[in-house]
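Open the model in a viewer with the sequence panel alongside. The stops below say what to select and what is found there.

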Amino acid sequence: PLLLEATLLRLASGSHHPFYNGFYYNHIMNDKGKGQEKVVYFNGAKLVVETPKDPVYSSNGANVTLPCHYHYEPDLEAKRKIRIKWSKLRDDYTKEQDVLVAIGKTYMAFGDFRGRAYLHQAGRREASLVVSDVRLQDDGKYRCEVIDGLEDESDVVDLRLQGIVFPYQPPHGQYRLNFHEAERACQEQGAILATFNQLFQAWSEGLDWCNAGWLADGTVQYPIRLPRKPCGGLHLAPGIRSYGPRHRHLHRFDAFCFSSALRGEVFYLDHPAGMTLEEAKVGQLYSAWKCLGLDRCDAGWLADGSVRYPITKPRANCGPAEPGVRSFGFPSKGRFGVFCYKER
């Protein structure tokens, strides 16, 4: 206590030397007396990080480059030891997912990006990220962070996969899936739970569905183009109806799944007897319809036990006047063809 009291008295007297902690902060904020403060940067220049304002589009299985460049204002000619960090922002705003960290030519990728992510530094002060063999889960926002000593600046680039959102309910009926079961159901159909941005894009392209379904962030929503009484009421404007976040174990709904371009092909067989084939999954059929223009007026079995068929060019005796994937549900019996999937 006596030592603490003596120390406090010495500090209060003003006769001591300034405390030094290894960093020297001098005139970092310089008040000009006009209510405005001028920032003086540690290295004498402002670090600026730039990424594209428009989304970068890719597809499942492709390679993609997420551009990122940095510079100084005013420019610094001397070569500096820069640290670069890429991370993926999560839809539910939980902790960011580490993608890659680099210092000079040494880098390390993390998690699912190990072996698939590396830096592209062809130009001066470039910090672009290359992701090979793009996966459905790669869709989302990425932060490019550049660190120069005490300077730390970042910007965000949006990677969007080209694909399709489709509503899904399992054979045992409507509103039977909690969040984790919905995740598995989409994965079993060659897809993942859709994000809100993917559902919104699908809505803007014409998706209208009155049943509520889980999204990747744990919310439950559904897209309405034509307002009607059973779907929120006649007097509500078109849009995405939201139930907000739901309990991931207790609450049960359908699912909105997202599937991107195929690495193989989907084809129809009338008489598959005697052949060993992999039945197509629902997500693969939707992808073939959306991305490859698959058009077949004959109904066929899929891997989940449902019977569906894809129509690109509507015509007589092939269902409604709009393009889409028609469904017969999950018939317990009946004679149909089968949609098959073959890897390239």
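Two strands count as paired if DSSP finds at least two bridges between them. Helices (H or I, at least four residues) and strands (E, at least two) are DSSP runs, numbered from the N terminus. This is a predicted model, in which local features need pLDDT of at least 70 and side-chain atom pairs count only at pLDDT 80 or more, while totals for chains, interfaces and linings use all residues. Residues are numbered from 1 along each chain as its sequence is written, and side-chain values use heavy atoms, with hydrogens and water left out.

**Stop 1: the hairpin**

Select residues 97-103, strand β8, and residues 106-109, strand β9; the two pair in the antiparallel sense over 4 bridges. Ile103 of this pairing stands opposite Thr106 in β9. The two strands form a hairpin with 2 residues between them. In the turn, Gly104 has a positive phi of about 65°.

**Stop 2: a sheet of 3 strands**

Next, display β5, β11 and β10. They make an open sheet in the order β5-β11-β10, with antiparallel pairing. β5 (64-66) and β10 (117-120) stand at the edges with a single partner strand each, so one side of each has no neighbour in the sheet. Neighbouring strands here are turned by 30° against each other on average, direction ignored; the axes behind such angles are lines fitted to C-alpha atoms, for helices over the stretch in contact, and angles run from 0 to 180 degrees between N-to-C directions.

How many bridges join β5 to β11? There are 3, and β11 covers residues 128-131, running antiparallel to β5. To find one of the paired positions, select Thr65, whose bridge partner in β11 is Val130.

**Stop 3: the whole chain**

Zoom out. The chain has 4 helices and 25 strands. Of its 344 residues, 40% count as buried, where buried means under 20% relative accessible area, exposed over 50%, and partly exposed in between (1.4 Å probe, protein chains only). The chain exposes about 20,000 Å², of which carbon and sulfur atoms supply 53%; accessible areas come from the Shrake-Rupley method with a 1.4 Å probe, and for residues only the protein chains shown count as cover. Among contacts (heavy atoms within 4.5 Å) between residues at least 6 apart in sequence, 58% join residues at least 24 apart.

**Stop 4: Thr195**

Select Thr195, in the loop between β15 (192-193) and α3 (196-204). Is Thr195 buried or exposed? Its relative accessibility is 11%, so Thr195 counts as buried. Leaving aside residues up to four places away in sequence, Thr195 touches Asp91, Asp139, Leu215 and Ala216.

**Stop 5: the disulfides**

Now show the cysteine side chains. The structure holds 4 disulfides, a disulfide being a pair of cysteine sulfur atoms within 2.5 Å. With bonded cysteines counted along the chain, the pattern is 1-2, 3-6, 4-5, 7-8.

Begin with Cys68 and Cys144, whose sulfur atoms are 2.0 Å apart. The torsion about their S-S bond is about -80°, so this disulfide is left-handed. Cys68 sits in the loop between β5 and β6 (69-73) and Cys144 in strand β12 (residues 140-148), so the pair ties together parts 76 residues apart in sequence. Both Cys68 and Cys144 are buried.

Go on to Cys186 and Cys257, a disulfide with its sulfur atoms 2.0 Å apart. The torsion about the S-S bond of Cys186 and Cys257 is about -80°, so the link is left-handed. Cys186 belongs to helix α2 (residues 179-188) and Cys257 to strand β19 (residues 254-260), so parts that are 71 residues apart in sequence are tied together. Cys186 is buried, with a relative accessible area of 0%, and Cys257 is buried at 0% relative accessibility.

Then select Cys297 and Cys318, joined by a disulfide with an S to S distance of 1.9 Å. With -120° about the S-S bond, the link of Cys297 and Cys318 is left-handed. Cys297 lies in the loop between α4 (282-292) and β22 (300-301), and Cys318 in the loop between β23 (307-311) and β24 (324-327), so the pair ties together parts 21 residues apart in sequence. Cys297 counts as partly exposed at 28% relative accessibility, whereas Cys318 is buried at 3% relative accessible area.

**Stop 6: two further cysteines**

Finish with Cys291 and Cys340. Cys291 is partly exposed, with a relative accessible area of 37%. Cys340 is buried, with a relative accessible area of 1%.
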